[in-house]
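Work through the exercises below with the sequence and the structure at hand. Try each task before reading its solution.

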Amino acid sequence: MGGLKFIDLFAGLGGFHQALERLGHTCVFASELDPTLAGLYEKNFGIRPHGDIREAFSKVPAHDVLCAGFPCQPFSKAGDQLGFDCPQWGDLFDYVLRILDTHKPSYLLIENVPNLLRHNEGKTWEKIKARLEELEYVVDKHKLSPYMFGVPQVRERAIIVGARAGLDHFAWPEPTHKLEEVTIKSVLDKQPSDARALGPKFIEYLATWQQLLDSLPRDEELPSFPIWAMEFGATYPFRDRSPYDIGLGAIGAYKGALGRPLRGLSSEEVKKTLPAYALDEIASFPEWKKTFIRQNREFYKRHKAVIDPWLPKIVDFAPSFQKLEWNWKGGPRDLWQTVIQFRASGIRAKRPTAAPSLVALTTSQVPVIPWERRYMTMRECARLQSMGALSHLPESQTAAHKALGNAVNVDVIYAVATALLVPPSTRNAAAYEMTSSAESSYAA
């Protein structure tokens, strides 16, 4: 099969473009609403994307493959989940359908958040499937993550493929790696000069939590639940009714965050003394919150002898950093060997096999490489999306991480496109090329 013509809708940093161009196919049209990303796309690929597809619809030329990563916000669990009713983005899939109906390309390749398949109890996916089938496409869907193809990032995405001639020739690519077989070190440079250093306050957070980990008995595993230090010494009621339901003026006999007494405090002072998560104006906490509070209070009782001398060290920490999530079951109790994210929900320490998902990643949540006391660079984060070879990335860190968070992973799309578009007789050679390309991209 010779090279095919493809279009790249909602193109972003050009993940589809890089994957299909590697297979020898040619981009004949791109659209991207963000002018900065459109400018970068032109610099990287020599094609100036059109803007809003609603306005550029009539300019789409004939093509063989339609690629689209249409905005995921209407379907994301992190958003309002308005789906096709979203006033800003909900109609964009209609334009994808209009293009398919007009040009009848042989193949389609769509990427979105995994919640797209579960949205509205699965009815959204059924609606998408039915509308594509009306246009005479045989379609299938699957969920894939970059780590399955050797890229050290856990980022599950929904992939939809379609072909007018059917999918008898197609099989979803088999993963080449298990999670424990990848390492974040494969995308890292050694002490890069442009890396943002970890500030002294953040080093203090980690060093202080490390002191607690060092003090805990070795014969008990670290908690799998989030450690909420505010519950150490706290006794405020939580099992049946919330403090709000009981009345903040009626819980003076109890203790608040970090064991601070509530006796004699006004309602406003009680608010400042309870953990923020205990101030919900509801009659009863959800079961998951009750469980976390109970688990932390039991943990405190078991280890009170080592926690009490340590607790004053974190009194002045911001509430977010009075929480620790340890996500390396059985690993060495050494925060400096983990991959860290400083999140609003707490300090998250993960095993260094894979980076946290770049979905909607904000600058404040850029993964930290503690053993080098620094944050990951933009170029390293680009490698997590298999985009390490891109010549041009957004200039600011904020813009770069937003763009990478919204990007499609090149190696994931390459693996799927190889199965969808490449004849079986040439797939082995294509798979070898993918492996070689990935290895060269991650060379430090």
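**Exercise 1. The chain as a whole**

Task: State what share of the residues of the protein chain count as buried, and how many helices and strands the chain has.

Solution: The model is a predicted one. Step one is the burial count: of the 444 residues in the protein chain, 55% count as buried. Step two is the list of elements, which holds 15 helices and 12 strands. Step three looks at contacts between residues at least 6 apart in sequence: 68% of these join residues at least 24 apart.

**Exercise 2. The order of a sheet**

Task: For the open sheet of 6 strands, give the strand order and find which strands stand at the edges.

Solution: Begin with the general rule. Strands of a sheet pair through backbone hydrogen bonds, and the pairing is either parallel or antiparallel. In this open sheet the order is E2-E1-E3-E4-E6-E5, and the pairing is mixed. Strand E2 (26–30) and strand E5 (138–144) each have a single partner strand, so they stand at the edges and one side of each lacks a neighbour in the sheet. From one strand to the next, the twist averages 20°.

Now check the pairing strand by strand. E1 and strand E3 (residues 65–68) run parallel and are joined by 4 bridges. Leu9 has Ala68 in E3 as its bridge partner. E4 and E6 run antiparallel, with 6 bridges between them, and Leu108 stands opposite Gly162 in E6. E5 and E6 also pair in the antiparallel sense, over 7 bridges. There, Lys143 has Ala158 of E6 as its bridge partner.

**Exercise 3. A strand inside the structure**

Task: Decide whether strand E6 is enclosed or open to the outside.

Solution: A residue counts as buried when its relative accessible area is under 20%. By this test 7 of the 7 residues of E6 are buried, so the strand is largely enclosed by the rest of the structure. Next, sort the residues by direction. Arg157, Ile159, Val161 and Ala163 point one way from E6, while Ala158, Ile160 and Gly162 point the other way. Both groups are buried.

**Exercise 4. Two helices in contact**

Task: Find the angle at which the axes of helices H4 and H6 cross, and say whether the crossing is left-handed or right-handed.

Solution: Two packed helices are described by the angle between their axes and the distance between the axes. The axes of helix H4 (residues 92–103) and helix H6 (residues 123–134) come within 10 Å and cross at roughly 20°. Angles under 35 degrees count as roughly parallel, and H4 and H6 are therefore roughly parallel to each other. Their crossing is right-handed. On the H4 side, the contact is made by Phe93, Asp94, Leu97 and Leu100; on the H6 side, by Ile128, Arg131 and Leu132. Sorted by class, this contact has 5 nonpolar, no polar and 2 charged residues.

**Exercise 5. Backbone angles**

Solution: Most residues other than glycine have a negative phi. Phe10 lies in the loop between strand E1 (5–9) and helix H1 (15–22). The relative accessibility of Phe10 is 18%, so this residue counts as buried.

With a relative accessible area of 7%, Ser386 is buried.

Note on methods
Residues are numbered from 1 along each chain as its sequence is written. This is a predicted model: local features need pLDDT of at least 70, side-chain atom pairs count only at pLDDT 80 or more; totals for chains, interfaces and linings use all residues. Side-chain values use heavy atoms; hydrogens and water are left out. Axes are lines fitted to C-alpha atoms, for helices over the stretch in contact, and angles run from 0 to 180 degrees between N-to-C directions. Angles under 35 degrees count as roughly parallel, over 145 as roughly antiparallel, 65 to 115 as roughly perpendicular and the rest as oblique. A crossing is left-handed if the near helix is turned anticlockwise from the far one by less than a right angle, and right-handed if clockwise. Contact means heavy atoms within 4.5 Å. Ala, Val, Leu, Ile, Met, Phe, Trp, Tyr, Cys and Pro count as nonpolar, Asp, Glu, Lys and Arg as charged, and the others, Gly among them, as polar. Buried means under 20% relative accessible area, exposed over 50%, partly exposed in between (1.4 Å probe, protein chains only). Two strands pair if DSSP finds at least two bridges between them.
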